[in-house]
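Hi there,

Here is the structure I promised to pass on. Have a look at it first, and then read on for my notes.

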Amino acid sequence: EEDTNRIRTLARQAVEQALEFCTEGEGHCQVRKELWPDPASAEIGVRSDGKELAGLRYSEREDFREFREANYSDGIAEVTGRWLEKDEAVVVLGEEVANFGGGAYQATKGLPSRFPDRVLNTPISEAGFIGLSCGAAMTGLKPVVEIMFPDFTLVAADQVFNQIAKARHMYGGKTDLPLVARTRIATGLGYGGQHSMDPIGLFALFPGWRIAAPSTAFDYIGLFNTAMVSLDPVLFLEHNALYTKKFPVPVDDLDYFIPFGKARVTAEGNDITVLTYSSMTGRVEAIAGRLAAEGVSAEIIDLRTVDLVSLDYATVGKSLKKTGAVAIVEEAAGGLAIGARIAAEVTRRFFDDLDGPPACLASKNVSNSVSRVLEEAVLLSDEEIFEGLLQVGRRTWH
């Protein structure tokens, strides 16, 4: 009874102190005028102001002379290992990340034996370990969290979207979220509707998340380094088709950075601007030769970071002044694609430079099937990409 009374007294005092601090007026309570927030501050805290990224050594491929070949998955493991080496605050969490010598995708290859106390298997409980990573990030650690399949973010929707995506803004920019989440897009494997979602449109709904979708191992390493310095949560989209592909990466250098919000023109052209990301970049590059044979010259822009807040519209606008036509190509299902949102913003910004409406090429708005035949019928095909870009290039798209 004594403890209960003490708690009640403390609670009453806390309320009385808060009331006295926040309010004024006789007979009724009004918030003190000086405590009302400035409406201009409404967006403060959605993201870090970026000061932590000042002074980073940003680089592109042209800045290096010597390269070696590395699998995409090896690039992930190597840059993750580099951060485990140089920063004791880094911890890797996920299902089976410490098994098979490097996780289910070999993205932690060689790391469990080197860092057994910081590469940690979790139970099959996304809500649990993603929630844990949120608290860890808010208290100074730098968790790298593998979400085995992006569909499983829905199991942890409260933690992913209602907490991590919003915490900085809810606390007025006073809470950092230095967290990296990695997830694999497993389309084309017949894994079915619950294991092959592309979550880009879902994460893009929440401006607190930055989204990286690197198409090469070089870009992955540079963007991962930036993400690990950033005080914002960053999602990495990793397409399974890229894991075993080899890419040139610098010899003896895992410490360069690629900035958020900076696209890369991978091929120059005059007739059409093609915006794409992740595995679709290589597919569009392969199709460009067929387009050229039909008289359509395509300028291909690999967006690299695809959160809508920091999309590289400067590069897009510069290209459109030359081409006058744009298409957004992505593999995500129609309802989860971000092409329509990009198209709307491109139209608003560059209307006078457009010869016609932007084209949005995406997969059908259908969940992927375990039937390879049905999955292939749903996913955006190379032939559909070719035909769509040809029409845009010839100004017959409608």
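Which side chain does K364 meet in a salt bridge? The partner is E384, at 3.8 Å from N to O. Please keep in mind that this is a predicted model. K364 sits in the loop between strand 15 and helix 12 (372-378), while E384 belongs to helix 13 (residues 382-393), so the pair ties together parts that are 20 residues apart in sequence. K364 is partly exposed at 40% relative accessibility, and E384 is partly exposed too, at 34%.

The structure has 31 salt bridges, and two others may interest you. In one of them, D307 pairs with R47 at 2.8 Å, N to O. This pair links distant parts of the chain, 260 residues apart: D307 is in the loop between strand 13 (298-302) and helix 10, and R47 in the loop between strand 2 (30-31) and strand 3 (67-71). Both D307 and R47 are buried.

The other joins K109 to D74, with the closest N and O atoms 3.8 Å apart. Here K109 is partly exposed, with a relative accessible area of 45%, whereas D74 is buried at 18%.

There is also a network: E60, R61, E62, D219, R264 and R304 are joined by salt bridges that share partners.

Lastly, helix 11 (residues 339-350) has twelve residues and spans 16 Å from first to last C-alpha, close to the 16 Å expected. Its buried residues include I342, V346 and F350. Among the elements covering the buried residues of helix 11 are helix 10 (313-323) and strand 14 (326-333).

Best wishes

Notes: Residues are numbered from 1 along each chain as its sequence is written. This is a predicted model: local features need pLDDT of at least 70, side-chain atom pairs count only at pLDDT 80 or more; totals for chains, interfaces and linings use all residues. Side-chain values use heavy atoms; hydrogens and water are left out. Helices (H or I, at least four residues) and strands (E, at least two) are DSSP runs, numbered from the N terminus. The expected span of a helix is 1.5 Å times one less than its number of residues. Buried means under 20% relative accessible area, exposed over 50%, partly exposed in between (1.4 Å probe, protein chains only). Contact means heavy atoms within 4.5 Å. A salt bridge is a side-chain nitrogen of Lys or Arg within 4 Å of a carboxyl oxygen of Asp or Glu.
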